[in-house]
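This briefing sets out selected features of one protein chain, grouped by topic. Please consult the sequence and the structure shown below alongside the text.

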Amino acid sequence: MALNFDISPLGDFIRGLAGDANPAEWMWQVGMAALALVLGFYGARVVCRHLGPSKRWKFGEGSFERVAFPLFAWIFILLGKVILARYQSVLLLQIVQSLVVAWLLIRLAAYVLGHVLPKGGFLHGSIRVIAWIAWIAVALHITGLAPEVIGALEDVGFSVGKNKQRITLWLVLQAIAALGLTLALAAWLSRITESRVMASQGMDMSTRVVITKLVRVATMFLAVMVALPLVGIDITALSIFSGALGVGLGFGLQKIASNYVSGFIVLLDHSLRIGDIITVDNKRGEVTAIESRYTVIKGADGVESIIPNEKLITESVNHHTYSDPKVSMVIAVTISYESDVERACQLLVEAAKTQKRVVAEPPVAARVKLFRDHGIDLELTVWITDPAVGEGDLKSDIYKAILKSYREAGIEIPYPRRDVRLLATPETQENTNQSVT
């Protein structure tokens, strides 16, 4: 494959150097390119600082100044090329403009994908691939090899169907690029909408989650429907695939489909909200996330349980904060029979009222629960409004306050014990009398 300099910007540039071009023309182009870069740098900085970061809208990862710099530089190079083209050749500016376009695409991809994809190796790999594609495309354009490379890719392919539709390697690459571009734009728009909706305080959290999920599904569906016709794929041909998918959902994927549908039902009927305290499948905790297929419950010990959404619909769920965020907490204490029961109950109430998390209404209550063989069981009931924080620390503080107040008041917390009484029988009484005599 030979370099086709006859129709390439690089060929024109080399012929200009080899010809009788005026050195002043090249200096004007170099100066114009340098001026465009300087104006682009300071212009991007001034504009971005004037606008400032948006607190309600977030369009990408990092500062937009990284994208605005090559964008402004490209605009100024374009203006400079238009001005100089009236008086001289602008071959060098054409090459610089192509390089700046590749630079702009790489910066824009990093800005958008950083907002869509999670940080990690996949994100960095995607940006690296886009950078290689951009620089290779610019190199092919400058050297004039782009038409020959495209022709070689179109020669590799095969025909399918009765109509002998030709599927080439170039068509496959176009399909991958179109699908990737539309999906990235769909995910970007979905992420922007999600951040805006989730920041709205006028809607319930469940409603916000439903809206974001519907927007995400709708944008992804539209992205696929737009990408396929762009590469010449007939959408009506997907009807067979959709029928097969329906059969698969009816048999093998019915559980997965049921979990997805249940997730939307849970969100729409407001039976569960983020931050609620529930008990399901013998697991109690705070609802931290309601995803399309499952719900995440975080227990007081920090363990997160993933519950399929179908369980929340078909099984009984104990909702501790459904209509009222207040929940009760019971503390059991045992005192000896010799202790003052009234004073012991009073000290229980006083120990609970010293804790900041214990609310005044409903009032703290202490009562006698049960008589046991080794003591009297008392029960203290307190109410809190922040069950998601956990009960372990609060119970510990109340127990320590009770122990301290009981020791000061002389109230005994008994050990388990048994009283053994020996009863005399006639035989043992006779033996005892004989031993005495």
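**Helix packing and overall features**

Helix H12 (residues 341-353) and helix H13 (residues 392-409) have axes that come within 9 Å of each other and cross at roughly 140°. H12 is therefore oblique to H13, since an angle has to be over 145 degrees to count as roughly antiparallel. The model described here is predicted.

*The H12 and H13 pair*

- The crossing formed by H12 and H13 is right-handed.
- On the H12 side, the contact is made by Ala-344, Leu-347, Leu-348 and Ala-351.
- On the H13 side, the contributing residues are Ile-398, Ala-401, Ile-402, Ser-405, Tyr-406 and Ala-409.

- Gln-355 is located in the loop that runs between H12 and strand E9 (365-371).
- The relative accessibility of Gln-355 is 15%, and Gln-355 therefore counts as buried, the cut-off being under 20%.
- Apart from neighbours within four places in sequence, Gln-355 is in contact with Leu-394, Asp-397 and Ile-398.
- Of these partners, Ile-398 also belongs to the H13 residues that make the contact with H12.

*The H6 and H7 pair*

- The axes of helix H6 (residues 146-155) and helix H7 (residues 169-198) lie 5 Å apart, and the two helices pack at an angle of about 105°.
- H6 and H7 are therefore roughly perpendicular to each other, as the range for that description is 65 to 115 degrees.
- H6 contributes Ile-150, Leu-153 and Glu-154, which meet Leu-169, Trp-170 and Leu-173 of H7.

*Composition, burial and surface*

- The chain contains 14 helices and 10 strands.
- The chain has 437 residues, of which 31% count as buried.
- The accessible surface of the chain amounts to about 27,200 Å², and carbon and sulfur atoms account for 63% of that area.
- Where contacts join residues at least 6 apart in sequence, 64% of them are between residues at least 24 apart.

*Confidence of the prediction*

- The average pLDDT of the chain is 79, and 80% of the residues score at least 70.
- Over residues 1-6, pLDDT stays under 50.
- For residues 1-6, the model has 19 contacts beyond four places in sequence.

Technical notes. Residues are numbered from 1 along each chain as its sequence is written. This is a predicted model: local features need pLDDT of at least 70, side-chain atom pairs count only at pLDDT 80 or more; totals for chains, interfaces and linings use all residues. Side-chain values use heavy atoms; hydrogens and water are left out. pLDDT is the predictor's confidence in each residue, from 0 to 100. Contact means heavy atoms within 4.5 Å. Helices (H or I, at least four residues) and strands (E, at least two) are DSSP runs, numbered from the N terminus. Buried means under 20% relative accessible area, exposed over 50%, partly exposed in between (1.4 Å probe, protein chains only). Accessible areas come from the Shrake-Rupley method with a 1.4 Å probe; for residues, only the protein chains shown count as cover. Axes are lines fitted to C-alpha atoms, for helices over the stretch in contact, and angles run from 0 to 180 degrees between N-to-C directions. Angles under 35 degrees count as roughly parallel, over 145 as roughly antiparallel, 65 to 115 as roughly perpendicular and the rest as oblique. A crossing is left-handed if the near helix is turned anticlockwise from the far one by less than a right angle, and right-handed if clockwise.
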